[in-house]
Amino acid sequence: MPKITKIYTRTGDDGTTALGTTRRVPKDDLRVETYGTIDELNSMLGLALAYGLDEKLASPLKTIQNELFHLGADLAFPRDDERQVEVPRIEQRHIDALEQLIDELNEVVGPLKNFILPGGGQGAAALQVARAICRRAERAAVSLNREAQINPFNLSYLNRLSDLLFVMGRFENNAKGIVEPLWNSRL
């Protein structure tokens with residue numbers, strides 16, 4: 001567990017930041033952009049939870065928030081750098097758990113009969129924003145993977161997580177008795 005004794009260090013005032021190793025890179029480096037977007041996603045999940053989501057969603061989302069820290073930590077240590085510390089990583093079991101939850105929630109909400117618009121209740125809307133951020137994180141991770149090979153489970157995890165967040169938004173509206181806002185293609 002890292003010990004953080006000081007919030008500011010002034011070392012980033014020149015526009016660089018340290019990866020998990022001591023190597024410094026520009027703050028707009030694709031690796032930093034990727035784990036920064038994952039941090040944004042995690043913050044959005046915190047906001048969704050603050051809206052008081054159904055417990056069937058709240059409990060697994062707290063686990064997912066921790067897993068997103070695993071993913072960010074994994075990305076902060078480039079594979080070409082010698083690992084100085086062992087960091088938690090996303091594994092197949094994490095993806096399997098997401099898929100199982102997708103299947104459980106989808107049984108409740110049923111198949112889509114039309115495209116839905118993001119919205120409904122506050123919690124559902126926040127989950128849909130989180131889904132969009134997750135897709136952006138996935139796109140950044142795909143770009144990063146072309147540049148420097150990353151853990152392949154990270155890509156699968158982000159892809160599956162965005163699917164789960166979509167279904168969670170639907171589930172949250174359903175649990176709160178809110179009709180899903182449907183896309184009207186004739187407007």
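1. Which residues are exposed on the other side of α3? They are Arg93, Asp103 and Glu107, where exposed means over 50% relative accessible area, buried under 20% and partly exposed in between (1.4 Å probe, protein chains only).

2. This is a predicted model, in which local features need pLDDT of at least 70 and side-chain atom pairs count only at pLDDT 80 or more, while totals for chains, interfaces and linings use all residues. Residues are numbered from 1 along each chain as its sequence is written, and side-chain values use heavy atoms, with hydrogens and water left out.

3. The chain averages a pLDDT (the predictor's confidence in each residue, from 0 to 100) of 89. Where pLDDT is low, the predicted coordinates should not be read in detail.

4. There are five helices and two strands in the protein chain; these are DSSP runs numbered from the N terminus, with helices being H or I of at least four residues and strands E of at least two. Their order from the N terminus is β-β-α-α-α-α-α.

5. The buried residues of α3 are His94, Ile95, Leu98, Leu101, Ile102, Leu105 and Val109. They line one face of the helix, because seen down its axis they fall within an arc of 125°, taken from the directions from the helix axis to the C-beta atoms. Their cover includes α2 (55-76) and α5 (152-175).

6. After α3 comes Gly110, with a positive phi near 75°.

Note on methods:
Contact = heavy atoms within 4.5 Å.
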